[in-house]
Amino acid sequence: MHSTAEDSMESPKVTVRTDANGVFVVSCSGEFDQDTIGELAATCDGIDAGAKLLVLDVKNVTFADSSFLNTMIRLRNTRALALEGPLPDQLHRLLQLTGALGLFPMRGDDAQVG
């Protein structure tokens, strides 16, 4: 039995919590691409667009492609959105290379973005 790239992919996990101020925090972990972005998109779409703030906790994202970036931009265009990090190197590089890094405010004590 041989392993394929798909076998080694880390399944994405998405969980939601609400903080005391009515801010929705969506924690993302694992690898997100066009085949696995659906759960994140559906979860975020299910959160009331009138919520004070939607925060994507991305510190445990091990891979993100353009579909992840597209979902982030779409969410940003429909609601108040911030990222909670620190940003993983690969995601930071994706945002930097596409010129999208400045679109997403960082939240939390570790908000410094290199």
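Which residue in β2 is the bridge partner of K13? Select S29 and you have found the partner. Before moving on, some ground rules: this is a predicted model, where local features need pLDDT of at least 70 and side-chain atom pairs count only at pLDDT 80 or more, while totals for chains, interfaces and linings use all residues. Residues are numbered from 1 along each chain as its sequence is written, and side-chain values use heavy atoms, with hydrogens and water left out.

**The hairpin**

Select β1 (residues 13-18) together with β2: the two strands run antiparallel and are joined by six bridges. Strands here are DSSP runs of E with at least two residues, helices are runs of H or I with at least four, and both are numbered from the N terminus; two strands pair if DSSP finds at least two bridges between them. Five residues sit between β1 and β2 in this hairpin, and G22 in the turn has a positive phi of about 75 degrees.

**D57**

Next, jump to strand β3 (residues 54-64) and pick D57. Is D57 buried or exposed? Its relative accessibility is 4%, so it counts as buried (buried is under 20% relative accessible area, exposed over 50%, partly exposed in between, with a 1.4 Å probe and protein chains only). Show its contacts (heavy atoms within 4.5 Å): leaving out residues up to four places away in sequence, D57 touches R17, V25, V26, S27, C28 and E84.

**The cysteines**

From that contact list, C28 is worth a click. C28 is buried, because its relative accessibility is 2%, and C44 is buried too, with a relative accessible area of 0%. Why no bond between them? The sulfur of C28 is 6.5 Å from its closest cysteine sulfur, in C44, which is too far. With a disulfide taken as a pair of cysteine sulfur atoms within 2.5 Å, the count is zero.

**The cores**

Of its 27 residues, V26, L40, L56, F68, L83 and L95 touch the most other members. The elements giving two or more residues are β2 (24-32), α2 (38-45), β3, α3 (66-76), β4 (81-84) and α4 (89-97). The largest share, five residues, comes from β3.

Zoom in on L95: beyond its neighbours within four places in sequence, L95 contacts L69, M72, L83, L87, A100, L101 and F104. Last stop: a second, separate core of five residues, including V25, L53, V55 and A82.

Note on methods: A nonpolar core is a set of buried Ala, Val, Leu, Ile, Met, Phe, Trp, Tyr and Cys residues joined through side-chain atoms within 4.5 Å.
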